[in-house]
Amino acid sequence: MTAYIIFDRKQTTDAAELALYAPLVGATLEGRGATKLAGGKALVLEGEPSEAVVVLEFPSVEQAKAWYDSPLYQEATVHRLKGGNWRVMIVEGA
């Protein structure tokens, strides 16, 4: 079943760290069957504000989690975590 990883950036704390993170992510997705479906500002209708949201589609929850847990992505994510406050989740497709 298709799965989506949603990255919700609540607040940037270090723009320089986010600038280091962004170019590293592409290489971590190669060969993973992932597609970037959305990325940018979000219009929040309810709840806390969000600076930006990214939605990645994967063939399955297992493949999404394997990518997230991969050593290559975990090396890159150090910069993401230093660069902002995030909420990240995997959602099963309908």
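In this predicted model, strand β2 and strand β3 (residues 52-58) pair in the antiparallel sense, and five bridges join them. One of the bridge partners can be named: T35 has E57 in β3 as its partner.

This pairing belongs to a wider arrangement. Four strands make up an open sheet, and their order across it is β2-β3-β1-β4, with antiparallel pairing. From one strand to the next, the twist averages 15°.

Helices accompany the sheet. Helix α1 (residues 15-29) packs on the sheet and touches β1 (3-12), β3 and β4. The direction of α1 makes about 170° with that of β1. Helix α2 (residues 61-69) lies across β1, β3 and β4, and α2 runs at about 40° to β1.

Two packed helices are described by the angle between their axes and the distance between the axes. For α2 and α3, the axes come within 5 Å and cross at roughly 65°. On the α2 side of this contact stand W67, Y68 and D69, which meet P71, Y73, Q74 and R80 in α3. By class, the residues of this contact comprise four nonpolar, one polar and two charged.

The residue Y73 also takes part in an aromatic pair. A pair of aromatic rings is described by the distance of the centres and the angle of the planes. The structure has seven aromatic pairs, including that of F7 and Y73, which is edge-to-face, with 6.5 Å from centre to centre and 65° between the planes.

Finally, the model may be examined for open spaces. The largest pocket has a volume of about 320 Å³. It is lined by 16 residues, of which Y21, A22, V25, K36 and V54 are the closest to its centre. Several elements contribute to this lining: β1, α1, β2 and β3 each supply at least two residues, and α1 gives the most, with five residues. In terms of class, the lining of the largest pocket consists of 12 nonpolar, two polar and two charged residues.

Methods. Residues are numbered from 1 along each chain as its sequence is written. This is a predicted model: local features need pLDDT of at least 70, side-chain atom pairs count only at pLDDT 80 or more; totals for chains, interfaces and linings use all residues. Side-chain values use heavy atoms; hydrogens and water are left out. Two strands pair if DSSP finds at least two bridges between them. Axes are lines fitted to C-alpha atoms, for helices over the stretch in contact, and angles run from 0 to 180 degrees between N-to-C directions. Contact means heavy atoms within 4.5 Å. On a 1 Å grid over the protein atoms alone, a cavity is a set of points where a 1.4 Å probe fits but cannot get out, and a pocket is an open set with protein on both sides within 12 Å along at least five of seven lines; lining residues have an atom within 4 Å of a point. Grid points are joined across faces, edges and corners, and a volume is the space filled by probe spheres set on the points. Ala, Val, Leu, Ile, Met, Phe, Trp, Tyr, Cys and Pro count as nonpolar, Asp, Glu, Lys and Arg as charged, and the others, Gly among them, as polar. Rings of Phe, Tyr and Trp (its six-membered ring) pair if their centres lie within 6.5 Å; planes under 30 degrees apart count as stacked, over 60 as edge-to-face and the rest as tilted.
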